[in-house]
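Please read them with the coordinates open.

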There are 2 protein chains.
Amino acid sequence: MTPKTSINKLKNFEGQEVSLSGWVYQFRSSGKISFLVLRDGTGDCQCVFTEGTADSKSLEAFSKLSLETAVEVRGQVKKWKDSYELKGQDLKILFSAEPWPLGKKSHGVDFLMSHRHLWLRSKKQRAIMNVRNELIQNIHHFFQKEEFLHIDAPILAANACEGTSSLFSVNFFDQEPAYLSQSGQMYMEAAAAAYGKVYCFGPTFRAEKSSTRRHLLEFWMIEPEMAFCNLEEAMELAERFVEYVVQNTLQTKTEELKVLERNLDFLRETRAPFPRLSYKTACEVIQKSNPDFQPGGDFGGGEETLISSQYKKPVFVHHYPKDIKAFYMKEDEENPSLSLSFDLLATDGYGELIGGGQREDSLEKLEEGIREHHLKKEDFEWYLDLRRFGSFTHSGFGLGLERLVAWVCGLDHVRETIPFPRVYGRSFFEKSSSS
Amino acid sequence: MTPKTSINKLKNFEGQEVSLSGWVYQFRSSGKISFLVLRDGTGDCQCVFTEGTADSKSLEAFSKLSLETAVEVRGQVKKWKDSYELKGQDLKILFSAEPWPLGKKSHGVDFLMSHRHLWLRSKKQRAIMNVRNELIQNIHHFFQKEEFLHIDAPILAANACEGTSSLFSVNFFDQEPAYLSQSGQMYMEAAAAAYGKVYCFGPTFRAEKSSTRRHLLEFWMIEPEMAFCNLEEAMELAERFVEYVVQNTLQTKTEELKVLERNLDFLRETRAPFPRLSYKTACEVIQKSNPDFQPGGDFGGGEETLISSQYKKPVFVHHYPKDIKAFYMKEDEENPSLSLSFDLLATDGYGELIGGGQREDSLEKLEEGIREHHLKKEDFEWYLDLRRFGSFTHSGFGLGLERLVAWVCGLDHVRETIPFPRVYGRSFFEKSSSS
């Protein structure tokens with residue numbers, strides 16, 4: 001019996017007859033010779049049918065092909081340049097396809113987005129999803145190697161970690177509403193008090209009415225939290241982490257990054273240690289190009305790019321003003337107007353990759369921060385418990401998976417970095433072209 | 001300088017002086033000798049202080065200890081039976097703890113649940129979370145080894161996969177509500193058409209007003225979906241998968257399973273192939289013990305136990321009646337009253353671990369199913385596209401992570417299988433004992 005295999009395994013069958021199942025990606029006939037490019041999820045394979053080798057039934061099937069029709073091809077594996085093709089002997093249509101709506105003409109983004117369930121089949125999207133898969137695995141490998149425990153944060157939560165204005169509320173059995181988590185950080189702090197080094201990796205939500213190239217309503221975050229770890233040690237972990245996932249992904253996903261035409265220069269340079277700038281120094285760097293810049297606030301995208309363009313690898317900015325950071329950031333004892341916080345800015349103008357810092361460990365300071373930020377103390381009582389019952393020096397950070405994917409793949413917009421993006425400003429549901 | 005280390009690394013420092021940071025798990029003094037059990041997330045370590053070796057400042061610090069106080073201990077590493085202890089030289093209190101609310105007296109479940117952020121520190125919960133972490137990693141390893149692509153399903157969705165009665169609705173910018181995903185399956189079918197073999201691993205939600213030992217409102221599901229794969233091949237994958245994650249976890253988490261006093265007999269027997277019973281045969285098995293049982297419906301917990309107790313390893317039941325399965329299950333061509341579906345039942349009465357089957361690939365049959373199940377066709381138009389544009393034989397299944405953790409750990413209730421459980425029938429928010 002002819003062995004069934006997949007396109008990425010053809011090299012093991014050179015000269016032999018195999019059977020492949022997949023979908024028609026391209027096809028054309030020129031006289032006595034017909035070409036079909038088959039895709040099966042593992043790769044693309046050209047299948048060549050000639051009157052001499054293929055039977056008449058197969059040639060008739062060929063004449064009925066349409067894009068994305070599911071077929072089974074039997075043929076002999078032949079090496080062709082750097083890849084393998086099939087000398088087609090038999091072609092069987094499994095399921096015919098209606099005219100493919102994502103054909104040759106160039107579609108607008110809205111059309112592609114609402115046909116995401118079909119758009120995923122394109123070569124570019126396949127490359128992105130392969131890089132995303134590899135980054136996800138490397139993220140787990142890194143933290144497991146460093147003996148972190150994966151601890152899932154809850155999605156249904158009672159309080160806001162990052163401000164209340166961008167919360168999605170959930171109807172919770174017609175009782176008080178619950179909210180979709182904006183961050184797992186506070187839960188990770190509880191887990192770090194139990195297990196030392198932990199990380200969560202799950203979806204988080206921001207109901208922000210912004211449709212920029214860097215915002216999704218639903219995105220995946222990796223949030224490590226480390227007990228007995230200070231600001232400097234957290235930055236050291238962050239640079240080791242980014243180096244690990246980037247370098248490993250560069251090594252294994254060269255083909256995909258070629259499809260994406262990614263310039264790899266800066267990614268190759270992404271090796272620890274990364275440069276470190278205090279917020280103060282970073283402001284001076286900005287002022288050299290933009291003398292009107294007023295220090296004291298958070299950086300916008302343009303300012304981030306001014307800073308990061310000075311370097312060939314990601315750069316840390318640390319010690320931001322206390323006022324512009326969350327209430328749980330630890331105050332700098334040497335300068336109480338500053339916080340023990342840091343951001344990591346990517347190269348190529350991709351902006352903030354990571355935000356993090358050392359957490360306030362004093363119960364009194366934390367209560368003060370909750371007051372100053374006009375938050376409801378009762379929502380945070382359980383979180384304050386972590387300072388009541390054995391407080392501890394601890395730090396952590398958050399990295400948004402989609403921004404990492406965008407940076408590594410060199411994409412203009414985060415909407416292509418996630419299989420099924422949820423973006424503000426358009427109905428986010430998948431649509432059929434026939435409805 | 002004294003090297004800082006963690007408790008699981010003490011074996012590398014026998015005879016040397018080290019420094020450990022952690023929390024006071026137990027302590028007692030008897031005359032001239034004082035004992036402290038330190039926990040740091042990586043393990044527990046006994047530290048012994050005597051007047052001869054520890055200075056008076058340390059002995060004074062000892063007199064001020066309370067449970068969960070954060071401390072730094074310096075001392076010499078000594079082997080003691082199968083583990084290591086510290087001959088304490090220096091004890092420093094980092095942060096004192098208020099009286100520990102989860103002290104010696106036995107607490108009710110409600111109290112423990114609302115103090116989950118502290119309860120996680122107990123030895124039993126630590127063992128469970130370590131097993132959970134290991135299962136999660138083995139799940140990724142298995143699917144990556146089998147060349148699946150990890151594809152995240154969206155959480156915000158427009159339609160229900162498993163019936164509309166148990167949907168959580170989300171306020172979506174005051175427009176039409178969105179719903180929290182009950183399953184990523186349909187999205188995985190779209191991804192399987194693009195990439196062949198895919199899996200998602202994310203949180204799913206069921207707004208069910210049931211507070212049984214097997215229900216959570218929020219739980220994590222693993223859902224693989226395979227193109228060009230039929231019912232039998234899906235069952236073969238499922239048994240290989242369960243064998244892999246169970247055997248690997250047994251090998252590496254022996255200590256934790258000992259803490260949990262898990263009887264490992266059935267888990268050790270969990271090796272492919274698993275027995276296979278048709279629904280019809282399974283009904284006959286039940287009727288032997290319960291002659292009143294009427295075939296035709298789904299099995300309850302008691303019936304599942306009657307079936308699984310016949311075997312020392314998990315058992316498949318397949319070919320359930322079409323009526324009691326979801327509309328997307330493929331009809332059995334040989335007997336149209338049956339579906340190409342399967343469940344995998346765990347040993348020890350743990351019930352359904354996996355549910356899955358072959359998906360309906362005919363556009364007409366699927367439209368018929370949507371009508372018969374009184375679902376809104378417009379919600380599923382995008383899903384129907386997967387049959388319009390190159391339909392394909394495909395199968396998949398779903399495994400609930402928390403049921404897997406409960407079974408492997410031998411737990412009575414799923415509420416202890418997830419770091420921060422969301423359960424019906426109690427306010428699910430973490431509470432402080434001082435609020």
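1. Just after helix H12 of chain B, Gly390(B) takes a positive phi of about 85 degrees; helices here are DSSP runs of H or I with at least four residues, strands are runs of E with at least two, and both are numbered from the N terminus. The model is a predicted one, in which local features need pLDDT of at least 70 and side-chain atom pairs count only at pLDDT 80 or more, while totals for chains, interfaces and linings use all residues. Residues are numbered from 1 along each chain as its sequence is written, chains are lettered from A and ligands numbered from 1 in the order in which they are written, and side-chain values use heavy atoms, with hydrogens and water left out.

2. Helix H12(B) itself, residues 381-388, is mostly covered, eight of its eight residues being buried (under 20% relative accessible area with a 1.4 Å probe and protein chains only; exposed is over 50%, and partly exposed lies in between). Among these buried residues are Trp382(B), Tyr383(B), Leu384(B) and Arg388(B). They pack against helix H3 (116-119) of chain A, and also against helix H5 (185-195), H11 and strand S16 (394-400) of chain B.

3. Glu367(B) belongs to helix H11 of chain B, residues 363-372, and counts as buried because its relative accessible area is 18%. Apart from neighbours within four places in sequence, Glu367(B) is in contact with Lys377(B), Leu384(B) and Arg388(B), where contact means heavy atoms within 4.5 Å.

4. In chain A, five strands form a closed barrel in the order S1-S2-S3-S5-S4, with mixed pairing, and the twist averages 50 degrees from one strand to the next. Two strands are said to pair if DSSP finds at least two bridges between them. Strands S2 (residues 33-39) and S3 (residues 44-50) of chain A are antiparallel over seven bridges, and Ser34(A) has Phe49(A) as its bridge partner in S3(A). Helix H1 of chain A, residues 56-63, packs on the sheet and touches strands S1 (17-30), S2, S3 and S5 (83-95), its direction making about 80 degrees with that of S5(A); axes are lines fitted to C-alpha atoms, for helices over the stretch in contact, and angles run from 0 to 180 degrees between N-to-C directions.

5. S1(A) pairs with strand S4 (residues 70-80) of chain A in the antiparallel sense over seven bridges, with Arg74(A) in S4(A) as the bridge partner of Ser19(A). S4(A) also pairs with S5(A), again antiparallel, over eleven bridges. Their hairpin has two residues between the strands, and Lys81(A) there takes a positive phi near 55 degrees.

6. A rotation of 180 degrees with 0.0 Å of shift along its axis superposes chain A on chain B, with an RMSD of 0.0 Å (least squares on the C-alpha atoms of residues with pLDDT of at least 70 in both). That is the relation of a two-fold axis.

7. Chain A and chain B bury about 8,000 Å² between them, 65% of it on carbon and sulfur atoms, buried area being the accessible area (1.4 Å probe) that two parts lose on being put together, summed over both. In chain A, Phe173(A), Tyr195(A) and Phe389(A) lose the most area to chain B, together 10% of what that side buries. Four salt bridges are found across this interface (a side-chain nitrogen of Lys or Arg within 4 Å of a carboxyl oxygen of Asp or Glu).
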